[in-house]
Amino acid sequence: WFDLALLLSAGGTGLLSGYVALADVQAVAARRIGPRVAWVGSVGVLFLSAFGIYLGRELRWNSWDVVAAPGTLAADIFARVLDPFAHPTTIVMTLVFGGMLTLGYVVLHALASPEAEKV
């Protein structure tokens, strides 16, 4: 139970930190380019993050591979981007994780917004 609590608290803290950072960037972008474009950008970032989760979980790439093996990593990414239907797991995992990340962000954004306090 200790290990589960430790992993959940660390993972939750990281996810929450990412959401807060994204909300800060979205607020700045909303002032400069408009709220709709900022939302589209935020959801795009969440789906790019989901693709990154896929790269790490399924293909076993790590962040240091950008420096250690950039050519092989780029080849894997381009193969999936240029022919996504040849890699159905890429599509499914990116959509599932992207949907989960977006749902969590929308819920957190709704709970944290000043309009939520008026209800």
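## His109 and its contacts

Beyond its neighbours within four places in sequence, His109 is in contact with Gln26 and Trp39. His109 is found in helix α5. In this predicted model, its relative accessible area is 31%. That lies between the 20% and 50% cut-offs, so His109 counts as partly exposed.

The C-alpha atoms of His109 and Tyr19 are separated by 8.7 Å. In sequence, the two are 90 residues apart. Tyr19 belongs to α1 and is buried there. Gln26, one of the contacts of His109, is a buried residue of α1 as well.

## Overall architecture

The protein chain has six helices and zero strands. Along the sequence the pattern reads α-α-α-α-α-α. Taken along the principal axes, the C-alpha atoms fill a box of roughly 50 × 45 × 25 Å.

The chain has 119 residues, and 19% of them are buried. Take the contacts between residues at least 6 apart in sequence: 66% of them join residues at least 24 apart.

## Confidence

Mean pLDDT for the protein chain is 93. A value of 70 or more is reached by 96% of the residues. Among the elements, α2 has the highest mean, at 97. The lowest belongs to helix α6 (residues 114-117), with a mean of 62.

## Helix α1

Helix α1 covers residues 2-33, 32 residues in total. From first C-alpha to last, α1 reaches 46 Å. That is close to the 46 Å expected at 1.5 Å a residue. Its buried residues are Tyr19, Leu22 and Gln26. They pack against α2 (35-57) and α5 (88-112). Gly34 follows α1 and has a positive phi, near 110°.

Leu4 also lies in α1. At 43% relative accessibility, Leu4 counts as partly exposed. Together with Trp1 and Leu8, Leu4 makes a nonpolar surface patch of about 450 Å².

## Helix α5

Helix α5 has 25 residues. Its reach from first C-alpha to last is 36 Å, close to the 36 Å expected at 1.5 Å a residue. The buried residues of α5 are Thr90, Met93, Thr94, Gly98, Leu101, Thr102 and Tyr105. They pack against three helices: α1, α2 and α4.

Ala50 lies in helix α2. Its relative accessible area is 0%, so Ala50 is buried. Leaving aside neighbours within four places in sequence, Ala50 is in contact with Thr94, Phe97, Gly98 and Leu101.

Ala50 and Leu101 are 51 residues apart in sequence. Their C-alpha atoms are 7.6 Å apart in space.

## The salt bridge in α4

The structure holds one salt bridge. The side chains of Arg80 and Asp76 form it, at 3.8 Å from N to O. Both residues lie in helix α4 (residues 70-82). They sit four residues apart, about one turn of the helix.

The two partners fall in separate accessibility classes. Arg80 has 12% relative accessibility, so Arg80 counts as buried. Asp76 has 23%, so Asp76 counts as partly exposed. The cut-off for buried is under 20%.

## Arg60, a positive phi in a loop

Arg60 is not a glycine, yet its phi is positive, about 65°. Arg60 is placed in the loop between α2 and α3 (65-68). Its relative accessible area is 57%, so Arg60 is exposed. Gly34, the residue after α1, has a positive phi too.

Notes
Residues numbered from 1 in each chain as written. Predicted model: local features only at pLDDT ≥ 70, side-chain atom pairs only at ≥ 80, totals over all residues. Heavy atoms only, no water. Helix = DSSP H or I, 4+ residues; strand = E, 2+ residues; numbered from the N terminus. Expected span 1.5 Å × (residues − 1). Buried < 20%, exposed > 50% of the residue type's maximum accessible area, 1.4 Å probe, protein only. Contact = heavy atoms within 4.5 Å. Patch = residues over 30% accessible without salt bridge, like charges linked within 9 Å, V, L, I, M, F, W, Y side chains within 5 Å. Areas by Shrake-Rupley, 256 points an atom, 1.4 Å probe, with all protein chains shown as cover. Salt bridge = Lys/Arg side-chain N within 4 Å of Asp/Glu carboxyl O. pLDDT = per-residue confidence, 0-100.
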